[in-house]
Amino acid sequence: MLKVLRDMKVGNATVHGFRSTFTDWVAECTNVPKEVADKALAHRIANTVEAAYRRTDFLTGVVC
């Protein structure tokens, strides 16, 4: 997000707090599972075993 603002030459804005705001919005206003919100934010899975087996991109209806 910050790169987008920089590329657009927007100097008076910041993305500080975006991740927290997005996480709160997903939890309060959608039925999206936490794992999908974390993936949208490009969070890494702390548990290495879970990370090794979690290969989904959570896209539905996409033909591979």
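Hi everyone, let me begin with a definition: a residue counts as partly exposed when its relative accessible area falls between the buried limit, under 20%, and the exposed limit, over 50%. Keep that in mind as we look at this structure, which is a predicted model.

Let's start with Trp25. Its relative accessible area is 45%, so Trp25 is partly exposed. What about the two Phe residues? Phe18 has a relative accessibility of 32%, so this residue is partly exposed too. Phe22 comes out at 21% and is also classed as partly exposed.

Now to the rings. A pair of aromatic rings is described by the distance of the centres and the angle of the planes. How many aromatic pairs are there? The count is two. In one of them, Phe18 and Phe22 are stacked, with 6.0 Å from centre to centre and 25 degrees between the planes. Where do they sit? Both belong to helix α2, which covers residues 18-29, and because they are four residues apart there, about one helical turn separates Phe18 from Phe22.

The other pair joins Phe22 and Trp25: this one is tilted, with the centres 6.1 Å apart and the planes at 40 degrees. Phe22 and Trp25 are three residues apart in helix α2, again about one turn of the helix.

So which residues make up the aromatic cluster? Phe18, Phe22 and Trp25 form one cluster together.

How values were computed
Residues numbered from 1 in each chain as written. Predicted model: local features only at pLDDT ≥ 70, side-chain atom pairs only at ≥ 80, totals over all residues. Heavy atoms only, no water. Phe/Tyr/Trp six-rings, centres within 6.5 Å; stacked < 30°, edge-to-face > 60°. Helix = DSSP H or I, 4+ residues; strand = E, 2+ residues; numbered from the N terminus. Buried < 20%, exposed > 50% of the residue type's maximum accessible area, 1.4 Å probe, protein only.
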